Structure formats: structure tokens, C-alpha cells
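The stops below are given in the order in which to select them.

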Amino acid sequence: MTVPADASQMRRAIARARRALHRTSPNPRVGCVVVADGQVVGVGVSAPPGGPHAEVQALQQAGPRARGADVYVTLEPCCHRGRTPPCTEALIAAGVARVFVGVLDENPRVAGGGVERLRAAGVAVEVGIEAEACAALHAPFFRHISTGRPWTLLKAAVTLDGRLATPDGAARWITGPEARRDGHKLRAWADAVMVGAATARLDDPTLNVREVRGTDPLRVVADPDLTVPPTARLLGPQALLLHAADADPERARALADTGATLVAVRRSGRGLDAAAMLQALGQRGIVSVLVEGGGRLHGSLLRARLADEACIYLAARIIGPGRPLADLPAVDAIGAGLQLADPSWTRLGADMRVRGRIVYPEEAPCSPD
């Protein structure tokens with residue numbers, strides 16, 4: 001039976017995972033807490049691939065006090081041998097009394113098997129503690145496991161009239177320093193950050209993490225015709241250019257000489273096929289991608305119903321004609337548009353941040369342009 005203390009300890013495990021600065025993809029970022037006699041004696045967060053999982057770290061920290069202890073873990077412990085031994089065996093060997101699991105693992109190699117193994121060994125298991133929060137924490141991993149593509153988060157800073165930039169592309173700065181710092185937290189969280197070719201050319205962004213502590217994500221440009229110049233600041237070994245197979249080979253060679261990786265994907269209308277782009281990222285172990293625009297790239301992902309979440313920074317500015325948040329066809333009814341489910345609204349200096357999962361209307365997906 002769940003009691004408030006159990007929920008509190010699971011929230012501690014969730015917070016621990018969210019605060020971690022390292023990336024674990026393609027593995028999930030799991031948080032774990034070991035409690036003995038009402039005291040936290042061990043905590044852990046999954047290490048990068050090949051390193052110890054959260055349960056093993058927490059048990060090592062707890063030492064002998066793990067025997068008879070309660071364990072709170074955001075995701076079902078693994079029961080298979082990969083780069084590391086099964087966490088279920090570590091929990092059994094440590095002699096823990098109870099394991100509280102946030103959500104079951106959707107990986108077919110686990111999928112309830114971890115819980116079954118623990119119970120067969122005499123360990124009491126309770127599933128579903130802070131389930132909604134744990135499911136949100138692991139949503140990118142579940143998306144990658146089930147579809148092969150990354151969790152896709154659209155991010156933009158817009159004016160009150162929904163503009164990303166002026167007609168000629170000027171966008172610095174729509175929002176204030178607090179919102180920009182928050183945007184860098186998203187970069188530190190994501191495995192990759194992606195922009196369209198026009199954004200890369202006009203803004204010449206670095207797409208790195210500057211305002212907060214964290215590791216730079218992979219820099220991705222959707223550039224069908226390889227129009228980004230070789231002098232672009234984002235290029236280098238941590239850059240990936242997605243392009244059409246018929247792009248100019250001389251441009252391809254010049255961009256490859258910068259150290260960037262080039263990957264050909266199929267075309268769709270004026271750009272690249274949205275599903276093919278995301279599959280290309282997923283095949284490289286990218287579990288989460290932050291899409292920073294522009295409007296054509298946002299629109300492509302929304303039309304294909306492949307964007308999972310949006311984080312929009314709203315500035316108290318009105319600029320009139322300009323570039324829209326997303327290049328989408330008109331709808332003939334408000335209910336036919338997109339909306340965010342249970343959005344959170346947060347004040348950041350003079351700006352507002354709205355974030356939520358994207359809800360698509362019931363009719364069939366729009367055809368590509």
C-alpha cells in the first residue's frame with residue numbers, strides 16, 4: 001500500500017534523475033533511492049552506456065545498510081545482461097526487502113520480467129508510485145523503444161502576434177535573458193538540437209550550451225540542398241547535416257571537410273521527409289531532439305504528426321508581419337487546430353513559457369507540401 005513517504009521518496013528519485021548533467025542515451029536516465037530505517041542511505045542515476053545503472057550505484061553507496069532496505073526506482077529494474085549485469089540480480093544479492101517501481105519498462109527485453117524476477121526471489125514489489133511523473137521522465141526512452149525515433153520537442157521564442165522573426169529573419173532578441181537561459185537548459189537536456197537550413201544561414205547559431213552547466217548536444221541541420229556555408233559556426237565533428245541524395249556533391253565534400261557528418265534522407269515536397277529525418281537520428285542513438293526552428297521545419301514535423309511536445313517562450317512584443325511559428329495550412333474551425341495538453345505556464349522575467357504535449361485533431365494527418 002502506497003503511503004505519502006513512498007511517494008516522497010519516489011519524487012526524490014525523479015528529481016535526482018532530472019538534475020543529472022550527463023546523457024545516458026540510448027539508455028533511459030533512471031533515478032534510484034535506497035531507504036533504511038527511514039533514512040536515505042544510497043542514491044544513484046544511470047551512468048552513460050557501459051557504466052553502472054542507477055540501482056547499482058545506489059546499492060554501492062548504501063553498502064551493508066541495503067539489506068532489508070526499501071528501494072525506490074523510477075523504471076522497472078532490468079533483468080537481462082547487456083553491457084552490464086542485470087539490476088535485478090544486484091538487488092536480490094543486496095538483500096533488499098521491498099522495491100517500489102514508478103513504471104514498467106516498455107523495452108521488450110524487460111516488459112514486466114524484472115518485477116517477476118524480483119518477486120520470484122522473495123522481494124516485495126509495488127508498481128505505480130508517482131507513475132505519471134515517472135512516465136513523463138521516461139517518455140523519450142519509451143518513444144525511441146517503440147518507434148525507433150526520438151522524442152521531438154519544438155522550441156521557439158515568439159511575439160504576441162506569433163512571429164519568430166521579422167520578414168528578413170531578424171530574431172535577436174525576442175525574449176529576455178531569463179527565457180534564453182531556460183532555453184539553454186533544454187539544450188543541455190536534449191541529445192540533439194536541430195534547425196532548418198534558413199535558420200542556420202540567417203542566424204549562424206552555435207547551438208551549444210552556454211548559460212547553464214551541461215554537455216553540448218549533437219548539432220543537426222535539415223538542409224536538403226546543402227546550402228549552409230562551410231564557414232557556419234555550428235559545423236565540426238559534433239554536427240550532422242541531413243540532406244537530399246541529389247544535393248550538389250561539391251558542396252557535400254566542402255561540408256564534410258569541416259568534420260561534419262552528412263546523411264542523405266528522402267525528399268518530401270520542398271524539404272526532407274520528416275519521418276526519415278527522425279529515423280536517421282534514432283538510428284544514431286538519439287533519444288531526444290530539441291527542434292529550434294524555423295517555421296518550415298516546425299510545420300513539417302507538425303503536419304506529419306511527429307512532434308511530441310512544444311515549449312514556447314512568449315514575449316510581450318508585437319512586430320506585425322514576420323515569420324510564423326509554424327508553416328501550416330489554414331484550418332476552417334478552431335477545433336481542427338493543434339493544442340497543448342495540460343500546459344504549464346511559467347513567468348520568466350518579462351516573458352512567459354508555455355510547455356505541454358501536443359494534441360492532434362482526430363482527422364487524418366495532413367498531406368506533405
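Which residue just after H3 takes a positive phi? Select Gly95: its phi is about 80 degrees. Keep in mind throughout that this is a predicted model.

**Helix H3**

Now select residues 87-94, which make up helix H3. Show the side chains of Cys87, Thr88, Leu91 and Ala94, the buried residues here. Around the axis they span an arc of only 135 degrees, so they sit on the same side of H3.

**H3 against H4**

Keep H3 and H4 on screen and hide the rest. Two packed helices are described by the angle between their axes and the distance between the axes. For H3 and H4 the angle is about 20 degrees and the axes are 10 Å apart. H3 is therefore roughly parallel to H4, an angle under 35 degrees being the cut-off for that term. The crossing of H3 past H4 is right-handed.

For the contact itself, select Thr88, Glu89, Leu91 and Ile92 on the H3 side, and Gly114, Arg117 and Leu118 on the H4 side. By type, the residues of this contact are 3 nonpolar, 2 polar and 2 charged.

**H2 against H3**

The axes of H2 and H3 cross at roughly 20 degrees and come within 9 Å. H2 and H3 are therefore roughly parallel to each other. H2 passes H3 in a left-handed crossing. Select Glu55, Val56 and Leu59 in H2, then Cys87, Ala90, Leu91 and Ala94 in H3, to display the contact. Its residues divide into 6 nonpolar, no polar and 1 charged.

**Helix H6**

Move to residues 139-147, helix H6. Its buried residues are Ala139, Pro140, Phe141, Phe142, Arg143 and His144. Then select Gly148, which follows H6 and has a positive phi near 85 degrees.

**Two leucines with positive phi**

Which residue other than glycine has a phi near 60 degrees? Select Leu207, in the loop between helix H8 (197-203) and strand E9 (218-222). With a relative accessibility of 1%, Leu207 counts as buried.

Continue to Leu226, where phi is positive at about 55 degrees although the residue is not a glycine. Leu226 belongs to the loop between E9 and strand E10 (239-244). Its relative accessible area is 2%, so Leu226 is buried.

**Two cis peptide bonds**

Select Ser25 and Pro26: the peptide bond between them is cis, with omega near 10 degrees. Pro26 is in the loop between helix H1 (4-19) and strand E1 (31-36). Then select Gly293 and Gly294, also joined by a cis peptide bond, with omega about 10 degrees. Gly294 is found in the loop between strand E14 (288-291) and helix H11 (295-303).

**Last stop: Ala310**

Is Ala310 buried or exposed? Select this residue in strand E15 (residues 309-314). Its relative accessibility is 8%, so Ala310 counts as buried. Leaving aside neighbours within four places in sequence, the contacts of Ala310 are Leu153, Leu154, Leu340, Val354, Arg355, Gly356 and Ile358. Finally, draw a C-alpha to C-alpha distance from Ala310 to Pro177: they are 20 Å apart in space and 133 residues apart in sequence.

Methods:
Residues are numbered from 1 along each chain as its sequence is written. This is a predicted model: local features need pLDDT of at least 70, side-chain atom pairs count only at pLDDT 80 or more; totals for chains, interfaces and linings use all residues. Side-chain values use heavy atoms; hydrogens and water are left out. Buried means under 20% relative accessible area, exposed over 50%, partly exposed in between (1.4 Å probe, protein chains only). Helices (H or I, at least four residues) and strands (E, at least two) are DSSP runs, numbered from the N terminus. The arc is that of the directions from the helix axis to the C-beta atoms. Axes are lines fitted to C-alpha atoms, for helices over the stretch in contact, and angles run from 0 to 180 degrees between N-to-C directions. Angles under 35 degrees count as roughly parallel, over 145 as roughly antiparallel, 65 to 115 as roughly perpendicular and the rest as oblique. A crossing is left-handed if the near helix is turned anticlockwise from the far one by less than a right angle, and right-handed if clockwise. Contact means heavy atoms within 4.5 Å. Ala, Val, Leu, Ile, Met, Phe, Trp, Tyr, Cys and Pro count as nonpolar, Asp, Glu, Lys and Arg as charged, and the others, Gly among them, as polar.
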